[in-house]
Amino acid sequence: MALILGVVNQKGGVGKTTTSVNLGAALAAQRKRVLLVDIDAQANASTHLGIATGDEEETAESGLERQVPDFTSYDLLKGTKNVHEVAIKRSENLEIVPSSLLLSAADLELGGVVGRELLLKRALSKVTGDYDVIIIDCPPALGLLSLNALAAVQKVIVPVQSEYLALHGVRQLLDTIDQVRAIYNPDLVVGGVLICLHDSRRRLARAVAETIHSYFGDLVFKTVIRTNVALAEAPAHGKTIFEYAEKSSGAEDYASLAMEVMNE
């Protein structure tokens, strides 16, 4: 049965999508069968892996020939397609269910559906034997899509930037996790808090990292994702960090995180 992970933080720009994509790629390099599910209407994970998102202007500006998906996670949640009909094979061991701009109206469109919080869980339950790890890249908001993810996963990874505003809203996220555990998913746990975009040369970053450790204790991953130019550049080329700069500190950090996740 697959280990199902959700990468979630209601604050944007903390390394959530970078972690989803590159953790998935690192696990795939370890010969794990990985499915990445993009349920963020911004479709950043899909863009990161060279898939068109429906934003023709962005696609043209990138200069990259992107693969156009036939179906997306929107079709998966609507129940018109199953995972294998939607998933795109990205490499030998990595597949992605791409996102769609149509998800931006999911709260309104799916709001009247009975069991709307469990749509993703039902869809994934049919393929848990086909993958070793399923990673869900969540939107930066605690709406219906994130609730679907929290109801479907076993563990949550919370990326936190080493800046003072990073802890803002995390308490609310943890409260939401407690509520989802009580109502929809009794097996849900916080798999770890991941410090991202960390520059150890900055005194402020070191101080915030210490605060994060004191606040979350053993929940903090030993691995720290250091600030790395290659991590920022890779999405523009539609590549994972291992394809773009396999010798970089970013590749080293995500390989370390993958080992840590699987050894928990």
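**Cores, a buried helix and side-chain pairs**

Leaving aside neighbours within four places in sequence, Leu124 is in contact (heavy atoms within 4.5 Å) with Leu35, Val37, Val83, Ile134, Ile136 and Ala152. The model is predicted, so local features need pLDDT of at least 70 and side-chain atom pairs count only at pLDDT 80 or more, while totals for chains, interfaces and linings use all residues. Residues are numbered from 1 along each chain as its sequence is written, and side-chain values use heavy atoms, with hydrogens and water left out.

Leu124 is among the residues with the most contacts inside the largest nonpolar core, which has 50 residues. Such a core is a set of buried Ala, Val, Leu, Ile, Met, Phe, Trp, Tyr and Cys residues joined through side-chain atoms within 4.5 Å. Buried means under 20% relative accessible area, exposed over 50%, and partly exposed in between (1.4 Å probe, protein chains only). A second, separate core of 32 residues includes Ala26, Ile88, Val133 and Ala258.

Helix H8 (residues 144-152) is largely enclosed by the rest of the structure, because eight of its nine residues are buried. Helices are DSSP runs (H or I, at least four residues), as are strands (E, at least two), numbered from the N terminus.

Ten salt bridges are present, each a side-chain nitrogen of Lys or Arg within 4 Å of a carboxyl oxygen of Asp or Glu. In one of them, Glu243 meets Arg90 at 2.9 Å, N to O. This pair links distant parts of the chain, with Glu243 in helix H12 and Arg90 in the loop between strands E3 and E4, 153 residues apart. Glu243 counts as partly exposed, at 39% relative accessibility.
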